[in-house]
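Dear colleague,

I am passing on the structure we spoke about, and the notes that follow it set out what was found when it was examined. Please read them with the coordinates open beside you.

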Amino acid sequence: MGIGYEPLFRHVLLPFYDQTLAGRGTLSFLAEYERSQWLPPEQLEALRWTKLKRLLEHCWREVPYYRRQWTALGITPEAIRTPADFARLPVLTKHDIRTHFDSLKADSLRDSLLYKSTSGSTGEPFRFGYTRESNDRRAAVMWRSYGWAGSRPGRRTLYLWAVPSGLKPLQALKQRLYNRAYNRLMLDSFAMREDTMAEYADAIDAWRPEIVVGYVGPLVRLSQWLLASGRRIHRPAAVLGAAESLHDFQREIVEQAFGAPAFNTYGCREFMLIASECERREGLHVSADHLYVEIGAPLPSAADRAAGEIIVTDLSNFGMPFIRYTTGDLATPADAPCSCGRSLPLLAKVQGRKLDAIRTIDGRYLPGEYFPFIFNDVKWIKRFRIVQRRLEAIELQLVVDGEADAARLDAARALVTRALGDGIQIDIRVVDDIPVAANGKFRVTISELSDPPVP
Ligand SMILES: [Zn+2]
């Protein structure tokens, strides 16, 4: 028996990649986070607070935007002594970052920043800077959290992902070698169509992954296809939903199709992973030793009265610090700690975009999560999306199986009317496909109403 690939990878290859090819300190940060997840709650809180204070003092010295803002408010970092004091600082929005891009950079780090951009939920591009260290720490936090689901560097993994296209040959070769080294296969979730689904199933059978990681939208889609077509595939040990929250109705579908437990994670491009389920799956652990996460006051748009907006402060990005950044996502804190013994705080669930709520003429807000239930028993609707541009009208986009005749469309219209009330105009559009957004998130509902205000 030779040495298995996984130990070889972890002990020989990864340190090599880590320190030479990629130049990353990920492994040492991973060791640090593996330890801090087990700290007693008071010690974890003290660590989080120490990191936060250090960041605030840095912002005061080095970041013109915060210095200006806090001076105008008569606040100094020394005056912030409790979480309640901190919660009184203004939030930071995407709009603030676009407007004050340069003055949000730290003086001493502004020339060494890395940059990333996102398409944003409205399609308007959004760019931000971060340091190499914060990038490595993000990767370490991701490995820790994925590890709770049994995923480890070097373990045979299949990614259902947005595969970068248009790479130059050398870049593409590097990417292939990198994936080979990490023992992973990337399948492009963007090329996923009804007529290519069988190829995805074939690829999974050929690769025989132990772990499957995918954007939730494409994962659910593939799962639905597997179940509908009766196709059985190779069983992984675990499936991880990425980019957006895996709702209960989706988890059931994925677990049935893959015959393996599915794990919920929550993250966004601005911070990478924010919270994840551990092996007990009692809620999502917030990586509080890396991010300072607040759950804001409950919003009127939330169906769940305890749900508030997720506000994140990145404790390790000193280059372009995000202090109290509003993510636009809603979460509900858990009532009790997780039975696993980790003191990382627990979210009961992440509901997703707050703008996904659809408003009714009589003043109600229906969360996006509600809509899949409306069409639960309508088998000919393969996928749908509701877009609200005006209060009095919605557009219902449908991808259908077979013929969308008048009787079927009337039935669909009646279901939506029952939920939203009479008087709302419903325009039905039958479409060939409803693509996922470039960030991998599939949004069942989109509200373009300006009220509640977009942060
Ligand atoms: Zn746990």
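Leu-104, once its neighbours within four places in sequence are set aside, is in contact with Val-63, Tyr-65, Ile-97 and Met-320. This residue sits in the loop between helix 6 (94–99) and strand 1 (114–118), and because there are 23 C-beta neighbours inside 10 Å, where 20 or more are required, Leu-104 counts as buried. Leu-104 and Pro-64 are 40 residues apart in sequence, while their C-alpha atoms are 6.5 Å apart in space. Please keep in mind throughout that this is a predicted model.

As for the chain as a whole, it has 455 residues, of which buried residues make up 39%, and it contains 13 helices and 19 strands. Among the contacts with a separation of 6 or more, residues 24 or more positions apart account for 66%.

The largest nonpolar core has 84 residues, and those with the most contacts inside it are Val-239, Leu-240, Ile-274 and Val-312. The largest share of this core, seven residues, is supplied by helix 7 (residues 132–148).

Two helix pairs deserve a description. Two packed helices are described by the angle between their axes and the distance between the axes.

On the side of helix 2 the contact is made by Thr-26, Phe-29, Leu-30, Tyr-33 and Glu-34, and on the side of helix 7 by Asp-136, Arg-137, Ala-139, Ala-140, Val-141, Trp-143 and Arg-144. Sorted by class, the residues in this contact of helix 2 with helix 7 are seven nonpolar, one polar and four charged.

The other pair is helix 10 (residues 216–229) with helix 11 (residues 248–258), whose axes come within 8 Å and cross at roughly 55°; that angle makes helix 10 oblique to helix 11. Here helix 10 passes helix 11 in a left-handed crossing. Helix 10 contributes Val-216, Leu-219, Val-220, Ser-223, Gln-224, Leu-226 and Leu-227 to the contact, and helix 11 contributes Gln-250, Ile-253, Val-254, Gln-256, Ala-257 and Phe-258. By class, the contact of helix 10 with helix 11 has nine nonpolar and four polar residues, and no charged residues.

On backbone geometry, most residues other than glycine have a negative phi. Arg-208 lies in the loop between helix 9 (197–207) and strand 5 (211–215), and it counts as partly exposed because it has 13 C-beta neighbours inside 10 Å. Arg-324, which is not a glycine either, has a positive phi of about 55°; it lies in the loop between strand 11 (308–314) and strand 12, and with 18 other C-beta atoms within 10 Å it is partly exposed.

Two further sites complete these notes. Cys-340 is placed in the loop between strand 12 (325–333) and strand 13 (346–353), and it counts as partly exposed, with 17 C-beta neighbours inside 10 Å. Its C-alpha atom is separated by 7.8 Å from that of Cys-278, although the two residues are 62 residues apart along the chain. Leaving aside neighbours within four places in sequence, Cys-340 is in contact with Cys-278, Glu-279 and Arg-280.

Arg-418, finally, has its place in helix 13 (residues 406–420). Is Arg-418 buried or exposed? It is exposed, because 10 other C-beta atoms lie within 10 Å, and 12 or fewer is the limit for that class. Arg-418 and Ile-374 are 44 residues apart in sequence, with 9.2 Å between their C-alpha atoms.

With best regards

Key:
Residues numbered from 1 in each chain as written. Predicted model: local features only at pLDDT ≥ 70, side-chain atom pairs only at ≥ 80, totals over all residues. Core = buried A, V, L, I, M, F, W, Y, C linked by C-beta atoms within 7 Å. Helix = DSSP H or I, 4+ residues; strand = E, 2+ residues; numbered from the N terminus. Axes fitted to C-alpha atoms, helices over the stretch in contact; angles between N-to-C directions. Parallel < 35°, antiparallel > 145°, perpendicular 65-115°, else oblique. Left-handed = near helix turned anticlockwise from the far one by under 90°. Contact = placed C-beta atoms within 7 Å. Nonpolar A, V, L, I, M, F, W, Y, C, P; charged D, E, K, R; others polar.
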